[in-house]
Amino acid sequence: MKIKSNEISSLIKEEIRHFSRAIESNDVGTVISVGDGIALVYGLDHAMLGELLLFPHDIYGMVMNLESEHVGVALFGNDRLIKEGDTVKRTKKVTEVPVGDELLGRVVNALGTPLDNGPSIKSKKYRPIERIAPNVMKRKKVDTPLETGIKAIDAMIPIGRGQRELIIGDRQTGKTAIAIDAIINQHGKNVKCVYVAIGQKNSSVASIYDKLKQYHALDYTVVVNASASELAPLQYIAPYSAMAMAEEWLEKGEDVLIVFDDLSKHAVAYRALSLLLKRPPGREAYPGDVFYLHSRLLERACKLDKKYGGGSITALPIVETQAGDISSYIPTNIISITDGQIFLVTDYFNAGLRPAIDTGFSVSRVGSDAQFKMMKQVAKSLKIELANYREMLSFSQFGSDLDKETKKILKHGAILTEMHRQDHYSPYSVTRQVIEIYATKNGYFDEIEPKKLLGILNDLYNYIATSYREVVTTLEKGKELNEKTEKALKEGIEKFIKTIK
């Protein structure tokens with residue numbers, strides 16, 4: 001029997017039709033189980049890690065587990081609307097968020113959707129939330145200061161543009177306050193800001209939004225909110241989404257300050273996701289890759305070389321400790337990733353010392369290279385003097401008779417400690433900080449009552465700014481305390497002291 005050519009061609013065509021149907025079926029799957037924000041989907045053989053999948057009711061999910069029989073998906077919407085047997089489609093796209101200046105002044109969720117009842121964001125560009133950090137050859141040494149406006153930080157724990165400085169401490173010690181003050185202080189300094197709230201109360205985020213609006217900081221700030229009421233997957237992707245937004249400005253050569261508030265809750269959200277996805281638990285039930293979770297995020301903060309635009313991302317991650325224990329799992333992980341830490345102490349906060357910074361445990365590993373020269377000149381031995389005062393203060397509690405030298409150190413230390421006291425939402429210019437530190441460090445106010453110091457320092461700055469205007473102008477322009485300026489400053493302080501006496 002002979003086989004005709006037209007029969008062969010029809011058989012081949014039929015096989016091709018079956019083959020194309022098989023390919024198409026790989027792009028559509030079926031939900032086999034759903035619950036707690038996690039769905040297991042069968043039939044998506046070609047799904048990619050991190051790919052967006054479309055579920056019924058326009059709910060999206062992100063592929064997080066690739067198993068031999070199914071894929072594990074983290075859902076970005078209400079899982080109660082999804083049931084077993086529902087059809088799931090591949091989008092063939094990784095998770096992306098809108099980026100650009102259109103986001104400034106807005107409150108958005110982790111997917112870039114507005115939460116502030118404003119108009120929809122018509123962004124011209126989207127970026128994937130995950131990205132490999134710039135390599136060493138693209139980076140530049142941190143050499144420009146990022147002024148926080150907080151005396152204790154700018155003087156002793158300076159932060160440079162492109163640095164990653166951890167803010168760490170117990171609950172209710174003023175960690176967020178430092179970050180918000182730093183954002184407010186960027187007004188007029190050409191720095192874009194991103195504030196990421198992870199697992200916070202919506203009322204707290206609303207309060208922060210109102211304060212940023214009050215101090216005109218919203219013009220250059222975007223707030224990304226993944227509140228405690230949001231699903232764990234949205235809390236998990238929030239910092240990566242925010243970093244993608246910041247990277248758009250970085251690559252345009254602009255400077256960005258990004259605050260992660262806080263990464264402890266981010267790690268907890270990731271732990272919940274991992275356990276629901278049946279990943280093996282390790283220490284404290286965290287998965288084995290929890291270090292990589294934060295390292296791949298914070299490594300994206302850097303200062304780029306001028307050949308690549310010269311932009312920078314400065315990261316201020318916040319971590320909450322339990323009873324001041326900085327040696328626990330997540331804090332030690334993030335301490336080893338960052339370039340220093342600002343450690344806040346409950347005892348100082350309760351004693352009324354705000355900001356409650358422990359200058360002994362706090363350190364900046366690269367910021368001093370970027371510090372203004374005039375600040376270096378006046379603050380170089382400040383940390384040592386405060387450490388001597390703290391040590392002497394603890395010993396003085398055991399004896400009543402103190403020698404003159406000890407009394408002198410205690411008086412001077414009390415004045416230095418009082419000088420670092422600063423109200424919330426009142427950042428200072430570097431010039432004002434230098435004048436106040438210079439006057440107190442050189443012992444001009446050692447004989448006055450510490451409680452009166454802040455009022456006197458305020459009057460001193462106003463006196464110098466009006467009667468010795470050239471001192472302020474020179475410091476603002478040159479950022480250096482030269483011999484002539486120092487002589488004029490001394491003269492101004494001495495004359496001011498005579499007037500208050």
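Does N333 count as buried or exposed, and at what relative accessibility? I find that N333 counts as buried because its relative accessibility is 11%; buried means under 20% relative accessible area and exposed over 50%, with partly exposed in between, for a 1.4 Å probe and protein chains only.

**Entry 1: basis.** I note that the model is predicted, so that local features need pLDDT of at least 70, side-chain atom pairs count only at pLDDT 80 or more, and totals for chains, interfaces and linings use all residues. Residues are numbered from 1 along each chain as its sequence is written, and side-chain values use heavy atoms, with hydrogens and water left out.

**Entry 2: N333.** I located N333 in helix α8, residues 329-337. Helices (H or I, at least four residues) and strands (E, at least two) are DSSP runs numbered from the N terminus. Neighbours within four places in sequence aside, N333 is in contact with V290 and F291, contact being heavy atoms within 4.5 Å.

**Entry 3: the sheet.** I traced an open sheet of eight strands with mixed pairing, in the order β8-β12-β11-β13-β14-β10-β15-β16. Strands pair if DSSP finds at least two bridges between them. β8 (107-108) and β16 (363-364) stand at the edges; each has a single partner strand, so one side of each lacks a neighbour in the sheet. I then looked up β10 (166-169) and β14 (312-320), which pair in the parallel sense over three bridges. I168 has V319 in β14 as its bridge partner. Helix α3 packs on the sheet and touches β10, β11, β12, β13, β14 and β15, its direction making about 160° with that of β14. Helix α8 also packs on the sheet, touching β10, β14 and β15, at about 155° to the direction of β10. Axes are lines fitted to C-alpha atoms, for helices over the stretch in contact, and angles run from 0 to 180 degrees between N-to-C directions.

**Entry 4: the largest pocket.** I recorded about 850 Å³ of space in the largest pocket. A pocket is an open set of points on a 1 Å grid over the protein atoms alone, where a 1.4 Å probe fits, with protein on both sides within 12 Å along at least five of seven lines; lining residues have an atom within 4 Å of a point. Volume is the space filled by probe spheres set on the points. Of its 31 lining residues, Q172, G174, K175, T176 and A177 are the closest to the centre. Helix α3 gives the largest share of the lining, six residues.

**Entry 5: the chain.** I counted 16 helices and 16 strands in the protein chain. Of its 501 residues, 51% are buried.
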